[in-house]
Amino acid sequence: QVQLVESGGGLVQAGGSLRLSCAASENIFSINVMAWFRQAPGKQRELVATLTSGGSTNYADSVKGRFTISRDNAKNTVYLQMNSLKPEDTAVYYCNAVRYVLGTGPLNYWGQGTQVTVSS
C-alpha cells in the first residue's frame, strides 16, 4: 500500500506560480508511473501530467509549456511546478501512483488532494 500526501496548494493570482509536492511512503523507483490529476467543480477528474520510472513525461495539452512534473528520488517526492497559472487551472489536484503487478494488473493509489485556486 503506497501512501501519498500532497501539499503546496493555495490561492494565487492569474499569472502566478505554485509548486505542488507529493510525498510517497516508499521508494518511488518501485512505482511505475507517478501522475497528477485535477478535478474542477462539476467536472470529471482529468490527467494533468505523468512521469514514468524511466523518466518519461507527458502533459495535457492545456498545461504544456506551463507545468513541469519532476521528482526527487532521495525524498521520495514528486513535484508539479505550475507557472503562468490561469483561472481555469482552479481545481483540486490529486497525486496518483501506479504500480504494475505481474498477474494482477495496475494498482492505483491516490492522495487526498490539495486545492489550487487561481483568481483573475
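The conversation below concerns a predicted model.

Visitor: How many helices and how many strands are there in the chain?
Guide: This is a predicted model, and the counts are read from its atoms. Along the sequence the pattern is β-β-β-β-β-β-β-β-β-β-β. The chain therefore has a radius of gyration of 14 Å, close to the 14 Å that the globule rule gives for 120 residues, and is as compact as a globular protein of that length. As for the counts, there are zero helices and eleven strands.

Visitor: What percentage of the residues of the chain count as buried?
Guide: A residue is called buried when its relative accessible area is under 20%. The chain exposes about 6200 Å², of which carbon and sulfur atoms supply 48%. Of the 120 residues, the share that counts as buried is 42%.

Visitor: What share of the contacts with a separation of 6 or more comes from residues 24 or more positions apart?
Guide: The C-alpha trace spans about 50 × 30 × 25 Å along its principal axes. Among the contacts in the chain with a separation of 6 or more, residues 24 or more positions apart account for 54%.

Visitor: How far apart are the centres of the positive and negative side chains?
Guide: The chain carries 10 positive and 7 negative side chains. Five salt bridges are counted in the chain. The centres of the two sets of charged side chains lie apart by 2 Å.

Visitor: How many residues apart are Asp89 and Arg38, whose side chains meet in a salt bridge?
Guide: The N to O distance in this salt bridge is 2.9 Å. The pair links distant parts of the chain, with Asp89 in the loop between strand 8 (77-82) and strand 9 (91-101) and Arg38 in strand 4 (residues 33-39). Both Asp89 and Arg38 are buried.

Visitor: Is Tyr93 buried or exposed?
Guide: Tyr93 lies in strand 9. Beyond four places in sequence, its contacts include Trp36, Phe37, Arg38, Phe67, Leu80 and Met82. The relative accessible area of Tyr93 is 0%, which is under 20%, so the residue is classed as buried.

Visitor: What is the distance between the C-alpha atoms of Tyr93 and Leu18?
Guide: Tyr93 and Leu18 are 75 residues apart along the chain. Their C-alpha atoms are separated by 12 Å.

Visitor: In which strand is Ser21 placed?
Guide: Ser21 has a relative accessible area of 16%; this is under 20%, so Ser21 is buried. Residues that Ser21 touches, beyond four places in sequence, include Val5, Glu6, Trp36 and Tyr79. Ser21 is placed in strand 3 (residues 18-24).

Visitor: Where does Asn76 lie, given its positive phi of about 50°?
Guide: Most residues other than glycine have a negative phi. Asn76 is not a glycine, yet its phi is positive, at about 50°. Asn76 lies in the loop between strand 7 and strand 8.

Visitor: Which value is phi of Ser84 near?
Guide: Ser84 is in the loop between strand 8 and strand 9. With a relative accessible area of 40%, Ser84 is partly exposed. Its phi is positive, although Ser84 is a residue other than glycine, and is near 50°.

Visitor: What separates the C-alpha atoms of Gly55 and Arg71?
Guide: Gly55 belongs to the loop between strand 5 (46-52) and strand 6. Gly55 is partly exposed, with a relative accessible area of 37%. Gly55 and Arg71 are 16 residues apart along the chain, and their C-alpha atoms are separated by 9.1 Å.

Notes: Residues are numbered from 1 along each chain as its sequence is written. This is a predicted model: local features need pLDDT of at least 70, side-chain atom pairs count only at pLDDT 80 or more; totals for chains, interfaces and linings use all residues. Side-chain values use heavy atoms; hydrogens and water are left out. Helices (H or I, at least four residues) and strands (E, at least two) are DSSP runs, numbered from the N terminus. The radius of gyration is taken over C-alpha atoms; the globule rule is 2.2 Å times the number of residues to the power 0.38. Buried means under 20% relative accessible area, exposed over 50%, partly exposed in between (1.4 Å probe, protein chains only). Contact means heavy atoms within 4.5 Å. Accessible areas come from the Shrake-Rupley method with a 1.4 Å probe; for residues, only the protein chains shown count as cover. Lys and Arg count as positive and Asp and Glu as negative; His and the chain ends are not counted. The place of a charge is taken as NZ of Lys, CZ of Arg, CG of Asp or CD of Glu. A salt bridge is a side-chain nitrogen of Lys or Arg within 4 Å of a carboxyl oxygen of Asp or Glu.
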